[in-house]
Amino acid sequence: MPSRDPINEAHVSEPGLVVVDVAAADDATALAFQQLLADRWATAPAQHTTRDAGEPSVRLRCYLDLRQPLARKRVAPRARCAPTSS
């Protein structure tokens, strides 16, 4: 297996900083996973994936800052059924 680029010390210099290496079957899957991470944490996203010769997957690396508060998604209230009168 080819070696990955070394992780830069600055990317993990403090607790809460994370480097995520992703391997997926295709670009769409890898980028969708990255988007799930970006929806929750401050992320330095990869703009594209890479493919190593002879490997069956694409790869990407992104950087997360878990020190940022989680994004709270606003959930629409569930519809309530009003009682019917007979």
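Helices and strands here are DSSP runs, numbered from the N terminus. With that in hand, start the tour on the whole chain, which is a predicted model.

**Whole chain.** Colour by secondary structure. The protein chain holds one helix and four strands. Read from the N terminus, the order is β-α-β-β-β. Now colour by burial. Of the 86 residues in the protein chain, 22% are buried.

**Confidence.** The chain mean is 79, and 76% of the residues reach 70 or more. Select residues 74-86. There pLDDT stays under 50. The model gives this stretch zero contacts beyond four places in sequence. Where pLDDT is low, the predicted coordinates should not be read in detail. Hide this stretch and move on.

**Helix 1.** Select 27-38, which is helix 1. The helix has 12 residues. Its first and last C-alpha atoms are 16 Å apart, close to the 16 Å expected at 1.5 Å a residue. An α-helix has 3.6 residues a turn, so residues three or four places apart point the same way.

**The N-terminal cap.** Zoom to D26. This residue caps the N-terminal end of helix 1. One of its side-chain oxygens sits 3.3 Å from the backbone nitrogen of A28.

**The core.** Select V20, V22, A24, A30, L37, A46, V58, L60, C62 and L64. Together these 10 residues form the largest nonpolar core. Strand 1 (17-24), helix 1 and strand 4 (58-65) are the elements that each give two or more residues to this core. Which element gives the most? Strand 4, with four residues. In soluble globular proteins, nonpolar side chains tend to be buried together.

**Last stop: V58.** Centre on V58, a member of that core. Set aside its neighbours within four places in sequence. V58 is then in contact with V22, A23, A24, D26, D27, A30, T49, T50 and R51.

Terms used
Residues numbered from 1 in each chain as written. Predicted model: local features only at pLDDT ≥ 70, side-chain atom pairs only at ≥ 80, totals over all residues. Heavy atoms only, no water. Core = buried A, V, L, I, M, F, W, Y, C linked by side-chain atoms within 4.5 Å. Buried < 20%, exposed > 50% of the residue type's maximum accessible area, 1.4 Å probe, protein only. Contact = heavy atoms within 4.5 Å. pLDDT = per-residue confidence, 0-100. Expected span 1.5 Å × (residues − 1). Polar contact = N/O pair within 3.5 Å; in protein donor to acceptor, adjacent residues only side chain to side chain.
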